[in-house]
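Reader: I have the sequence and the model open side by side, and I would like to go through the ligand site with you step by step.

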Amino acid sequence: AAATQNLSYERHTAELTNCIIAFLSPILPTEEEYRIKEATRRQLERLAGKVSPGAKLLAFGSMANGFALRNSDMDLCCLIGKAADGSTPPFSASALVEELGQLIREETDFNVMPLPKARIPIIKISRPPTAELPYEISCDIGFENRLALENTRLLLSYAMVDPPRLRTLVLFLKVWTKRRKLNSPYTGTLSSYGYTLLALFFLTHVKRPAVLPNLQRIPPARTLSQEEVLLNGHNIYFYDDVATLRQEWASQNTENVGELLIDFFRYFSKEFTYSRDVISLRTEGGLMSKDNETWTAELCIEDPFQLGYNVSRTVTKDGLYTIRGEFMRAARILTSKADHVARALAELCE
Ligand code: GTP
Ligand code: MG
């Protein structure tokens with residue numbers, strides 16, 4: 001009887017996996033969307049060059065880390081031009097926001113909102129879709145945010161080690177959290193970046209055998225100098241030779257995405273000890289204990305590079321209660337509606 005049950009669970013999760021892939025495929029960005037966004041980035045980079053000669057405008061976040069859905073926002077980081085000796089000249093992010101914001105307003109048809117006084121000064125620009133450019137563009141431009149570029153590269157490297165499982169899991173979580181309104185840091189829940197770190201923690205540290213290696217713990221192929229691994233005092237080392245990893249890292253874990261997703265929801269509804277533990281990807285076991293000093297928030301997820309920085313600091317007590325309730329609902333729907341998997345997925349994302 002147990003064998004029959006296992007077989008039918010396997011069949012159920014295999015079908016769920018196919019349904020998730022079919023569900024995601026029409027909401028992934030098209031080639032055209034990527035082209036238009038890349039053209040926009042280049043147009044803005046040209047303007048940034050007028051304000052600070054040699055400035056670069058680099059994409060980070062979902063447009064650059066392999067976890068983009070159709071019409072996602074563009075996150076851009078402006079690296080200001082180098083001085084003749086290669087150093088970064090002193091700059092004021094607020095002044096750059098004012099100046100570049102003004103220039104974009106004069107020379108393009110974007111709506112521009114400079115936020116020079118924000119904690120992290122940014123320019124928000126947007127443009128509604130038109131007949132020729134049928135994509136809404138909504139973009140944040142920040143300055144010299146090199147840590148964000150590095151954590152984007154970390155996420156991209158993970159995405160490339162096991163693309164079918166990690167990417168599918170994260171993309172599904174993003175759609176689901178957006179549709180269920182669990183993805184709004186401004187109103188007490190968690191950012192996409194936070195959910196992505198939860199998925200990475202689950203696949204690297206919870207699942208046995210692990211689905212992913214811990215890239216921050218694989219030793220480098222050659223000894224690296226301090227300058228190479230330190231960025232503003234933060235250790236940003238991780239093993240980034242993805243070509244080698246794809247050959248050598250063979251996970252012993254053979255679970256499909258459907259099974260992993262159900263397990264993810266179960267783990268975060270019942271097993272994870274929110275009151276005691278801090279999720280910390282870079283560590284050996286992936287967890288630290290809350291200490292009542294640095295780590296006092298309801299949900300604690302340490303940034304992979306910025307030690308002591310809580311990526312989930314926006315999650316309130318109510319927010320976490322809602323999120324956990326949703327994890328439970330998801331686990332229930334995905335396991336109980338075994339006879340009609342596609343309908344269960346639709347209900348889950350209602
Ligand atoms: P969507 O915009 O929903 O498509 O997701 P996204 O993948 O772009 O994630 P999100 O907008 O949440 O974050 C974009 C990027 O900003 C991340 O990849 C990080 O590089 C950076 N970021 C966001 N939140 C934080 C944070 O709390 N700490 C740090 N260090 N970086 C962050
Ligand atoms: Mg984004």
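Reader: Which residue has a side-chain N or O atom 2.6 Å from an oxygen atom of ligand 1, besides K178?

Author: Please keep in mind that this is a predicted model. K178 has a side-chain N or O atom 2.6 Å from an oxygen atom of ligand 1. A distance of 2.6 Å to an oxygen atom of ligand 1 is also found for an N or O atom in the side chain of S192.

Reader: How much of the accessible area of ligand 1 does the protein cover?

Author: A nitrogen atom of ligand 1 lies 3.1 Å from an N or O atom in the side chain of Q306. Taken on its own, ligand 1 has 630 Å² of accessible area, and the share of this that the protein covers is 82%.

Reader: Which element gives the largest share of the shell around ligand 1?

Author: The elements that contribute two or more residues to this shell are α3 (62-65), α5 (146-161), α6 (163-179) and α7 (192-206). The largest share is three residues, and these come from α5.

Reader: Why does the distance between the end C-alpha atoms of α5 agree with its number of residues?

Author: At 1.5 Å a residue, the 16 residues of α5 should span 22 Å, so the expected value agrees with the distance between its end C-alpha atoms, which is 23 Å.
To return to the value you asked about, the end C-alpha atoms of α5 are apart by 23 Å.

Conventions. Residues numbered from 1 in each chain as written. Chains lettered and ligands numbered in written order. Predicted model: local features only at pLDDT ≥ 70, side-chain atom pairs only at ≥ 80, totals over all residues. Heavy atoms only, no water. Polar contact = N/O pair within 3.5 Å; in protein donor to acceptor, adjacent residues only side chain to side chain. Areas by Shrake-Rupley, 256 points an atom, 1.4 Å probe, with all protein chains shown as cover. Helix = DSSP H or I, 4+ residues; strand = E, 2+ residues; numbered from the N terminus. Expected span 1.5 Å × (residues − 1).
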